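Hello,

Please find the structure you asked about below. My notes on it follow.

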Amino acid sequence: MSGKADPRPTGEGTTPRARLDRGRGALGPALELVHTGRAPTRAVLTAELGVTRATAGAVAAELEALGLIRVDARPSAPSGSQGRPSHRLSVAEDGPVALAAQVHADGFRAALVGLGGRIVATAPGCETVEEDPAKVLGSVVEAGAQLLRETGRRCVGAGLAVPSAVAEPEGLALNPLHLAWPVGAPVREIFADCVREAGLTGPAFAANDVNLAALAEHRHGAGRGARDLLCVATGHRGVGGALVLDGRLHTGSAGLALEVGHLTVNPEGRPCHCGSRGCLDVEADPLALLITAGRDPGPEVSLLQQAKDLIRDEYDDPAVRAAVETLVDRLGLGLAGLVNILNPDRIILGGLHRTLLDADPERLRAVVADRSLWGRSGGVPILACSLDHNSLVGAAELAWQPVLDDPLGALGAR
């Protein structure tokens, strides 16, 4: 179906099979609307697709038959509504899942994620990352495969989030700087091989962790409704960025766009891995906060957790407060430059940056407004990321995308 309204009145004179045949092209768009929460009822689905009620009903019924969504048996009206009751739509809680995996400087984790960005199950995280990516990815895939065996869920595919730019089309991790992996490791190919060796079906994907966090937040979290969404985050080490334009990640010509960590925010600052000095990557990450506050990082927990705990437990300490202000100023300077270049309509912050925003929101917003050309004309909303494990959810989005594009083709006709 082309998305145009069916000229016939409410399906009169057509069979259910004919209505479904005309609606096949709407299966993917319909599933995405339910997946992202934009079509909570069949009436909304009808309006969003621009089809008749009968065609929308046939489409919803087919998605339910595929085990992807649920349609309430009885139509209901919202409380206080005077409108016509409509069947409520929701993702199938017992439906298929995607295997999501994430590797970062302090370990790795596997999860099963259903439609709607729902994390169904997680495996205990590992706190060590070996130098051989094949061993690491083999371990995380096996953890995910064990979850699939335990839950008995159907797997639509697998997605991997890594703390590195991933070059397209080869799927190479070009700068896994905080991992001991070789530069240019073919992580997508290795991951796909591990998925196949584990006996799992469906395609396998790999991408940068902040890109995937931004994708998840745009579909299910703090970025919903934004047209031009900028995401900046620091996890366990370093700083990453991502841009979602009109619902799609902007990755550049080779998947390497938005390396915001290498914006210079302190020309006389710390040496950076890239060869420059004072980059956001080394001036606004957890290690920078600990050092600036005069704290020695310990091995007990991750650097990210140590930095968060420091702000939570010792913010009244003048040295800690001064360190927070320094990092907020550095981060604000970087965000202001990005606002000047990209003109986003919303900024979301993740990891330690979310904690910095919570600690001193007015200072950060003031720095961005004062140092950006467009910020002074009204300001850009700066919000905290709202999803737990958003990179994992984003990794699952990669695996779900073929199903969202063509549910019948991806899952097979009944």
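Predicted model: local features only at pLDDT ≥ 70, side-chain atom pairs only at ≥ 80, totals over all residues.

Asn 343 sits in the loop that runs between helix 11 and strand 13 (346–351). Its phi is near 50°, a positive value in a residue that is not glycine.

The average pLDDT of the chain is 89. Of the residues, 91% score at least 70. One stretch needs care. Over residues 1–13, pLDDT stays under 50. For that stretch the model has 26 contacts beyond four places in sequence.

**Helix 11 against helix 12**

Start with this pair. Helix 11 covers residues 318–342, and helix 12 covers residues 352–359. Their axes come within 10 Å of each other. They cross at roughly 110°. Angles of 65 to 115 degrees count as roughly perpendicular, so helix 11 and helix 12 are roughly perpendicular to each other. The crossing of helix 11 past helix 12 is left-handed.

Which residues make the contact? From helix 11 come Val 324, Leu 327, Val 328 and Leu 331. From helix 12 come Leu 352, His 353, Leu 356 and Ala 359. By class, the contact of helix 11 with helix 12 has 7 nonpolar residues and 1 polar residue. It has no charged residues.

Thr 355 is also in helix 12. Is Thr 355 buried or exposed? Its relative accessible area is 17%, so Thr 355 is buried. Leaving aside residues up to four places away in sequence, Thr 355 touches Lys 308 and Ile 311.

**Helix 13**

Helix 13 spans residues 361–371, and Glu 362 lies in it. Glu 362 has 57% relative accessibility, so it counts as exposed. Now take Glu 362 together with Leu 383. The two are 21 residues apart in sequence. In space they are 12 Å apart, C-alpha to C-alpha.

**Helix 4**

Thr 55 belongs to helix 4, which covers residues 53–65. Where does its accessibility put it, buried or exposed? Thr 55 counts as buried, because its relative accessibility is 1%. Thr 55 and Ala 26 are 29 residues apart in sequence. Their C-alpha atoms are 9.3 Å apart in space.

The loop between strand 7 (166–167) and strand 8 (172–173) holds Pro 169. What kind of peptide bond joins Glu 168 and Pro 169? The bond is cis, with omega at about 5°.

The other loop lies between strand 11 (240–245) and strand 12 (248–249), and Asp 246 is in it. Asp 246 is not a glycine, yet its phi is positive, at about 50°. With 57% relative accessibility, Asp 246 counts as exposed.

**Where to look on screen**

Begin at the crossing of helix 11 and helix 12. Then go to Asn 343, in the loop between helix 11 and strand 13. Next, find the cis bond between Glu 168 and Pro 169. End with Asp 246 and its positive phi. Treat residues 1–13 with caution, as pLDDT stays under 50 there.

Best wishes

Technical notes: Residues numbered from 1 in each chain as written. Heavy atoms only, no water. Axes fitted to C-alpha atoms, helices over the stretch in contact; angles between N-to-C directions. Helix = DSSP H or I, 4+ residues; strand = E, 2+ residues; numbered from the N terminus. Parallel < 35°, antiparallel > 145°, perpendicular 65-115°, else oblique. Left-handed = near helix turned anticlockwise from the far one by under 90°. Contact = heavy atoms within 4.5 Å. Nonpolar A, V, L, I, M, F, W, Y, C, P; charged D, E, K, R; others polar. Buried < 20%, exposed > 50% of the residue type's maximum accessible area, 1.4 Å probe, protein only. pLDDT = per-residue confidence, 0-100.
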